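Here is a short briefing on a protein complex. Look over the sequence and the structure, then read the points below.

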Amino acid sequence: MEILVCVKRVPDSSENEIEVNKDGSDIERDDLVYSVNEWDNYAVEEAIQIRDNVGGSVTVVTVGDDESEEVLRREMAMGADSGVLLSDDAFEGSDGKGVATILKAAVEKGKYDLIMTGAQADDGAAQVGGMLASMLDLPYASLVNKIEVIDDKKIKVGREIEGGNQEMSEIDLPCVLSIQTGINEPRYVGIRGIRKVASVEIPTYGSSDLGLAADAVGAAGAKVKRLDYFVPEMGEGAEMLEGSNEEIMEKLIELLKAKGGIK
Amino acid sequence: MAQIFAYIVHKEGTPDDTAVELREAAKKIDSNADVTAIVFGSGVDAVCNQLTESYKEVWKIDNAGLAYPNAEVIRRALVSILPPDCIFLAPHDTFGMDLCPGLSIKLDSPQISDVVDIEGSEGNTLKVVRQEFSGMASTHVNCDISNGAVINIRPGSFQGEGVKGAGGQVVDKTGDAGDISESSRRYLEVVVAEVGDVDITKSEILVSVGRGIEDQDNLEIIHELAEAMGGDVSCSRPIVDAKWLEKSRQVGTSGQTVKPKVYLALGISGSFQHMGGIKGSPFIAAVNKNPKAPIFQLADVGVVADILEFVPELTEKIGESK
Amino acid sequence: MESALISPAKFFLFGLFPTAILSFLIPVIGITVFVYIIVKRLAPIILANPDFRFDRIPERVKRVLVLWLAQYKQPRYMLAGVLHILIFAGFIVLSIRSISLVVLGLSETFVFPGLGLFDGAIGHIYNVFKDYAATMVLIACLIAGVRRGYFKPARYSVPEKYGKDHTGEAVFVLGLISLLMISESLFEAAAVAANQGEGIAGETPAPLSLAWFLTLMLTGASQSSLQGVHIVSYYIHDLTFFFFLCFLPLGKHFHVITSILNVFFMKLDKGTIKPVKWGVDDSKLDELESFGVKKFEDFTWKNVLDFYSCADCGRCSDQCPANAVGRPLSPRFITIKARDYAFKNYPLKGNFIKSDSLIGTIYDEDEIWSCTTCGACEEECPLAIEYIDKIVDLRRGMVDEGTVPQSLQKPLKALEKRGNPYGKMEKKRAEWTTVLKKEEEIEVKIVGQKETTDTLYFVDSITSYDDRIQEIGKATARVLNAGGVDFGILGPAEKDSGHEVRRFGEEMLFMDLKEQNTEAILGSGAKQIVTADPHAYNALKKDYKDLPPVEHICETIHRMIKDGKIKLQAGDDNGAVYAYHDPCYLGRHNEVYDIPRDVIDSIPGIKRIDMDKCRDRSFCCGGGGLMLFYEPIEEKRMGQIRVEMAREAGADVIVTSCPFCMVNIEDAIKTSGLEGKMTAIDIVELIDRHMVK
């Protein structure tokens with residue numbers, strides 16, 4: 001099975017303290033460390049396991065700048081066969097649809113039976129997978145937490161739905177799946193693994209290589225635009241509720257409700 | 001202003017809470033708009049009738065084949081029945097996430113997902129609030145809605161009365177929905193999660209219990225509170241060590257790292273390992289006897305109290321407030 | 001020497017068959033078979049990875065004298081140890097006699113070189129020794145046999161998952177040894193009884209020895225019977241001797257042969273970790289095809305010798321904290337399973353079998369991750385069998401294959417990206433010092449580009465970032481400040497020491513951290529490094545190279561007290577009783593036992609006790625560094641057992657000198673429901689509290 005996995009380089013919220021910069025134009029990026037989006041990493045592991053079972057190849061692709069090559073190498077160290085970097089100044093400022101448009105062009109350069117994305121990213125909107133599928137007119141399932149290959153025409157997938165239940169469907173190939181965390185246990189990639197693939201050639205495609213119109217992608221094509229960043233109110237240390245038991249409870253219930261803590 | 005539609009999630013003949021929330025959200029887009037609810041399903045008259053209270057019009061697509069919502073089928077039907085350049089609202093839940101990104105492509109409208117607030121619209125620009133990085137940063141987002149928009153609303157974010165007494169009518173659109181049979185994606189079954197098999201990493205509300213519970217028999221009060229809040233029970237390591245709860249419910253660096261919207265820490269002092277497992281949670285409330293418990297450093301709100309007394313009372317109060 | 005009986009060398013069976021032929025054939029066949037077996041056993045050793053063990057010969061000889069000849073570790077288990085010493089000493093004495101006997105079967109006048117000196121006086125003295133030795137060995141074997149066969153100490157039992165019980169083999173070998181002793185004595189006794197019957201003067205067995213009793217019993221028997229006994233007992237001895245020789249390499253008694261070599265080639269430096277591959281320079285590691293031990297042949301030859309040498313005595317597992325809390329690890333079976341695997345894949349008959357990945361066949365992942373590298377097993381082993389290097393090598397193999405538990409992947413990734421396992425920002429590494437400056441006017445300078453320092457305080461990650469453990473950092477700064485030490489920290493330039501990174505098998509990440517730290521430390525101009533974290537201490541001392549001397553803070557404090565730089569006063573602790581818990585990496589791995597105790601004792605009026613398990617038998621708190629992130633399968637926590645021990649000893653306060661011990665012990669006090677009854681304090685905090693300020 002020929003598998004394409006779309007990955008993304010993101011600041012990992014578990015290893016960063018996300019702070020908004022002074023003028024609110026961005027988050028504080030000076031001290032950020034980046035890694036591959038967690039969901040994407042599960043997708044790559046799943047792709048590798050499928051390949052190891054039924055044969056084929058795994059290609060990882062990302063839309064990003066030169067530094068995004070780092071995540072492609074990490075996923076190749078994990079076991080992906082090849083990587084493709086989609087990079088162009090014109091891609092900057094793309095919204096979800098823009099990214100999906102770029103990826104669509106890349107998908108069409110190859111022939112894939114299965115295309116995977118992560119279900120979401122910490123700095124994303126959980127939309128690229130579904131958009132890509134619709135652009136390609138391929139069947140799609142989101143939040144996939146189980147994949148069983150039936151034959152080379154169809155697979156069985158489980159989707160994670162509310163309450164920890166799992167919705168099982170049969171889906172025709174080729175298709176697009178967005179992968180939920182927990183579908184597998186991604187293997188560890190150490191520095192040694194990354195060094196082993198350090199010199200593998202990674203092709204880079206720009207706007208013209210992909211035949212993309214200038215206004216379809218990047219800031220020019222974006223209808224959804226992030227204006228700023230700001231900090232949702234959060235204090236240093238806990239605000240201690242005081243007063244009578246009655247008052248405390250009322251205040252607490254009010255806060256819980258406001259934060260979505262009471263369904 | 002474009003026409004606004006709301007996709008209604010329903011269960012057992014009753015609309016989901018999001019039905020009211022979507023109406024509330026629509027109000028924030030355009031306070032004067034007449035909003036149309038769309039109900040897919042099999043035997044949905046009861047649902048539709050309830051919706052007429054808050055929606056001016058309720059579109060019904062009723063077919064035995066829709067007994068279980070298949071996003072692919074519903075997406076195709078929506079493309080057939082929705083007018084061009086409309087605004088389509090849906091909850092940002094596991095169905096909405098499955099349906100909407102692709103729908104926006106088919107409708108050639110932009111999509112904004114997981115919206116927590118809507119600031120309003122000006123001309124063809126709609127301004128909304130989203131969150132990134134597990135809620136550690138919020139952003140204002142502008143969306144060009146000249147070609148309509150698909151907007152996913154975070155469940156629970158739009159609290160309010162919605163609209164009352166809309167006196168809406170139900171319109172049967174089943175005939176316009178086109179072919180509603182399954183094709184390339186075929187639903188098989190739902191595998192129901194086993195009890196004790198809750199994935200707390202996916203929970204939005206966690207009622208977490210620690211050593212302060214003192215005895216296994218006392219755990220009942222925690223379960224009751226979790227039920228009242230609509231959340232799941234998680235715990236700190238000592239509770240698992242004592243085998244009072246399953247390992248799958250343990251929060252901490254050695255257990256699960258959780259990112260609920262609300263984390264209520266009860267009788268958890270906040271060991272270093274435990275705190276590592278909850279730092280991504282946007283709202284942490286803690287109840288502990290010890291005012292110096294480190295959990296209060298991390299929590300947003302704290303209460304100094306004995307959980308054995310505090311929790312049952314809180315459960316009761318929440319019950320009353322509903 | 002005149003004798004009433006015909007010796008085996010001259011005897012003719014039924015008057016026809018010269019038994020000398022047997023005397024010739026038995027040793028020849030015995031030795032041939034033995035050599036054959038040994039050659040087969042050598043195969044895996046030859047195919048194994050290199051191991052550099054031919055250096056520091058005088059030191060090695062000393063270890064042989066102490067550990068092998070003097071059996072130094074044996075009495076740690078008193079009854080078994082004493083019995084072993086008796087049997088071992090008997091074997092040493094009787095080896096001369098046994099060799100003599102073999103030759104006597106061919107030449108009746110043979111005298112072992114040296115024993116004929118001074119007109120045979122040496123021989124006479126030797127004979128007294130060997131008579132008592134044989135008696136002693138027999139008695140020891142009988143006691144040991146009853147102990148193993150009847151009382152069956154729990155230490156030797158073999159859980160079903162690990163293999164078969166070896167009580168049968170043990171009792172059988174005790175029987176063989178007894179048979180050797182009895183036949184040897186009977187051979188002698190028959191000759192003496194015959195001589196006495198004929199009135200021929202000669203040597204008599206030492207009084208009350210086995211041979212002496214047997215002589216008494218045989219006195220009065222007919223000469224022909226005695227001749228029979230003489231010949232039969234000789235060949236029983238001869239056959240048993242060579243059977244025993246060939247039997248040794250088939251099981252746990254291989255140690256009788258290999259132990260001297262195993263001790264000679266033992267690891268000399270505690271606390272160190274073997275290189276990824278001996279003989280491959282760090283800079284060449286990238287060229288290695290594979291890392292660590294994945295298949296049996298990835299072990300070094302010394303590892304294989306370890307497997308052969310294990311006597312299956314179970315002391316390692318008896319001391320192992322992981323085993324004690326029910327983790328799926330028992331060091332004894334790390335060795336025994338590998339030995340059985342070697343025997344199976346390198347059979348005495350037939351072709352060698354191609355080996356599989358060890359993980360999944362004889363070991364499982366959790367087993368290998370369960371080790372805290374506390375070193376209790378190695379400390380205990382009478383034969384100096386190593387475990388930590390093998391565990392680390394097996395982990396290196398798993399890391400290379402990517403099979404790392406998810407709970408460890410996060411901190412490892414954070415270490416790679418941020419230099420600490422918590423994923424905290426580098427710039428916040430020195431944040432704990434700001435309170436000191438604000439509230440106590442103690443300035444902790446951050447050395448590096450502009451500032452230099454005399455003494456560098458290496459803080460390490462947990463002390464830098466953990467709220468509770470920062471108190472240890474603050475106390476350290478206060479004590480150094482009070483002692484007038486010119487000190488500084490590296491601040492954001494400091495990375496995790498990588499101590500556990502290395503011991504968890506991620507060598508390349510460790511090297512990365514080491515390089516960054518080394519550069520920062522050398523750039524600080526420090527002439528001395530001090531740390532309050534034994535893991536950092538061990539890393540900087542043993543894993544890093546060419547750094548200024550490293551001290552643990554308790555050594556610094558010890559000197560400051562001696563020099564009068566700091567003065568201590570009695571505290572107001574209501575007569576609390578203190579017990580000092582030896583951290584593995586300060587105690588066992590670095591043998592700093594007395595200094596922290598002296599430091600505590602120099603507080604006026606303090607009452608300190610020791611737990612039963614202390615010093616080199618200290619019981620691990622649960623492990624440090626990455627072990628805090630690993631989720632072991634266990635029935636109980638090590639810390640809880642440790643706290644229980646302290647309580648039994650009558651302690652109110654557990655003093656430790658390691659941040660990780662603090663985390664684990666404080667946690668255990670809570671989980672054991674002993675809050676308010678017991679507390680834990682770090683030695684620096686204790687000194688800070690009792691310092692005259």
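In chain C, 78% of the contacts with a separation of 6 or more are between residues 24 or more positions apart. This is a predicted model. The points below start with chain C as a whole, go on to one of its residues, and then turn to the other chains.

**Chain C overall**
- Chain C has 693 residues, and 49% of them are buried.
- Its secondary structure comes to 27 helices and 11 strands.
- Along the principal axes, the C-alpha atoms of chain C fill a box of roughly 105 × 60 × 45 Å.

**Domains**
- Chain C is divided into three parts: domain 1 (57-264), domain 2 (417-562) and domain 3 (577-690).
- Taken over C-alpha atoms, the centres of domain 1 and domain 3 of chain C are separated by 46 Å.
- Chain B is divided into domain 1 (4-177) and domain 2 (200-321).
- The C-alpha centres of domain 1 and domain 2 of chain B lie 34 Å apart.

- Look for Tyr341(C) in helix H12 of chain C, which covers residues 331-345.
- Is Tyr341(C) buried or exposed? Tyr341(C) has 20 other C-beta atoms within 10 Å, so it is buried.
- Leaving out residues up to four places away in sequence, Tyr341(C) touches Phe296(C) and Ile362(C).
- Ser355(C) is 14 residues from Tyr341(C) in sequence, and their C-alpha atoms are 9.0 Å apart in space.

**Where chain A meets chain B**
- The contact takes 66 residues from chain A and 70 residues from chain B.
- On the side of chain B that touches chain A, 32 residues are nonpolar, 20 are polar and 18 are charged.
- Strands also pair across the two chains: S9 (residues 166-172) of chain A is joined to S12 (residues 185-191) of chain B by 6 bridges.
- These two strands, S9 of chain A and S12 of chain B, run antiparallel.
- Which residue in S12(B) is the bridge partner of Ile171(A)? The partner is Arg185(B).

**Where chain A meets chain C**
- Here 14 residues of chain A are in contact with 23 residues of chain C.
- Helix H5 (residues 191-196) of chain A gives the most to the side of chain A that touches chain C, with 3 residues.
- That side of chain A divides into 7 charged, 4 nonpolar and 3 polar residues.

Technical notes. Residues are numbered from 1 along each chain as its sequence is written. Chains are lettered from A and ligands numbered from 1 in the order in which they are written. This is a predicted model: local features need pLDDT of at least 70, side-chain atom pairs count only at pLDDT 80 or more; totals for chains, interfaces and linings use all residues. Helices (H or I, at least four residues) and strands (E, at least two) are DSSP runs, numbered from the N terminus. A residue is buried if 20 or more other C-beta atoms lie within 10 Å of its own, exposed if 12 or fewer, and partly exposed in between; C-beta atoms are placed from the backbone. Two residues are in contact if their C-beta atoms, placed from the backbone, lie within 7 Å. Domain bounds come from an automatic or database domain assignment. Ala, Val, Leu, Ile, Met, Phe, Trp, Tyr, Cys and Pro count as nonpolar, Asp, Glu, Lys and Arg as charged, and the others, Gly among them, as polar. Two strands pair if DSSP finds at least two bridges between them.
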